[in-house]
Amino acid sequence: MEGIKHKPHTNTCQECRIAHLCLPANLNKQQMRGIEQLQFNSKILNPGDHLCHQGEKHEHLYLLRSGMLKSYFNKENGDEFVMQFHLPPELFGWEGIDDEQLSFSIVALDYSNVCEVPLSQLKEINTKHPEIQMQIFKLINQTVRKNNIAMLRTTAEQKVSTFILLLSKHYRTLGHPQYLCQLTMTHQDIANYLRIAPETISRVLHNLQHQGLIKVTRKKIVINNIEKLHYLSNGIKT
């Protein structure tokens, strides 16, 4: 069955429901109306559609307005290596602007709306509006912090617990219930991303549910004891 075809259109920050989390987070409505550059070409993706492919070079970055994306790298032997899951309002795509580094492939896991931000436009915005420049630094820092936290986790239990907590924090920021996670990605993708075996993912989720810390229902995880999950994430036994 073919995906839904979407006509090209433009995303404007003034009409975006997550603008307060994205580039214009530090601007008031009057300031936003005065910045003509805060509109970007839109990429509308169906699940399975690619935003870009490994090896392509591009001169823009991406801002995810809605949906979920996965960036991955195919090794020489054909194995897939999941790099990141991208959720709104993440700023990403830095890998493709370096002549010395091949970009990752980025594919939609859900119906997604992506802002395409030309580097020339981003440079102009940064020059004229320091408030937006600071927000860009903040968005970059959020990604770096998330990656650093994940790298500090060593056991499978710590990795899975941290992944659930980070996902929960993200959905809470977007206005979803505090203790609810949507698993748009597969267990195979999560295992690949966390660098553990798929059967280990299933075992850890089963154990967490057996302990009463979470409840797994198909594509949803409900957190029943977030304090205990934080302890497990940090390797603290209670």
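This is a predicted model: local features need pLDDT of at least 70, side-chain atom pairs count only at pLDDT 80 or more; totals for chains, interfaces and linings use all residues.
Figure 1. Glu124 is partly exposed, with a relative accessible area of 33%. In total, the structure holds 4 salt bridges.

**Figure 2. Salt bridge between Glu116 and Lys43.** The N to O distance for this pair is 3.8 Å. Glu116 is part of strand 9 (residues 112-118) and Lys43 is part of strand 2 (residues 39-45), so the contact ties together parts that are 73 residues apart in sequence. Glu116 counts as buried at 15% relative accessibility, whereas Lys43, with a relative accessible area of 34%, is partly exposed.

**Figure 3. Salt-bridge network of Lys70, Glu80 and Asp189.** In the Lys70 and Glu80 pair, the closest N and O atoms are 2.8 Å apart. Lys70 lies in strand 5 (residues 69-74) and Glu80 in strand 6, so this pair ties together parts that are 10 residues apart in sequence. Lys70 is buried, with a relative accessible area of 7%. Glu80 is partly exposed, its relative accessible area being 30%. Asp189 is linked with both residues in the network.

**Figure 4. Largest nonpolar core.** This core has 30 residues, and the members that touch the most others are Val160, Phe163, Ile164 and Leu208. Two or more residues each come from strand 6 (80-86), helix 4 (156-173), helix 5 (187-194), helix 6 (198-210), strand 12 (220-223) and helix 7 (226-233). Helix 4 supplies the largest share, 7 residues. A second, separate core has 23 residues, among them Cys16, Leu21, Val117 and Ile132. In soluble globular proteins, nonpolar side chains tend to be buried together.

**Figure 5. Contacts of Phe163.** Neighbours within four places in sequence are left aside in this view. The remaining contacts of Phe163 are Phe85, Leu183, Met185, Ile190, Tyr193 and Leu194. Phe163 is one of the residues that touch the most other members of the largest nonpolar core.

**Figure 6. Largest pocket.** The space in this pocket is about 1100 Å³. Its lining comprises 41 residues, and those closest to the centre are Gln142, Lys146, Leu166, Lys169 and His170. Strand 6, helix 3 (130-151), helix 4, helix 5 and helix 7 each give two or more residues to the lining. By class, the lining residues are 18 nonpolar, 14 polar and 9 charged.

**Figure 7. Second largest pocket.** This pocket holds about 230 Å³ of space. Of its 15 lining residues, Glu90, Trp94, Glu95, Thr143 and Asn147 lie nearest the centre. Elements that give two or more residues to the lining are strand 6, strand 7 (91-92) and helix 3. Helix 3 gives the most, with 4 residues. The lining divides into 7 nonpolar, 6 polar and 2 charged residues.

Terms used: Residues are numbered from 1 along each chain as its sequence is written. Side-chain values use heavy atoms; hydrogens and water are left out. A nonpolar core is a set of buried Ala, Val, Leu, Ile, Met, Phe, Trp, Tyr and Cys residues joined through side-chain atoms within 4.5 Å. Buried means under 20% relative accessible area, exposed over 50%, partly exposed in between (1.4 Å probe, protein chains only). Contact means heavy atoms within 4.5 Å. On a 1 Å grid over the protein atoms alone, a cavity is a set of points where a 1.4 Å probe fits but cannot get out, and a pocket is an open set with protein on both sides within 12 Å along at least five of seven lines; lining residues have an atom within 4 Å of a point. Grid points are joined across faces, edges and corners, and a volume is the space filled by probe spheres set on the points. Ala, Val, Leu, Ile, Met, Phe, Trp, Tyr, Cys and Pro count as nonpolar, Asp, Glu, Lys and Arg as charged, and the others, Gly among them, as polar. A salt bridge is a side-chain nitrogen of Lys or Arg within 4 Å of a carboxyl oxygen of Asp or Glu.
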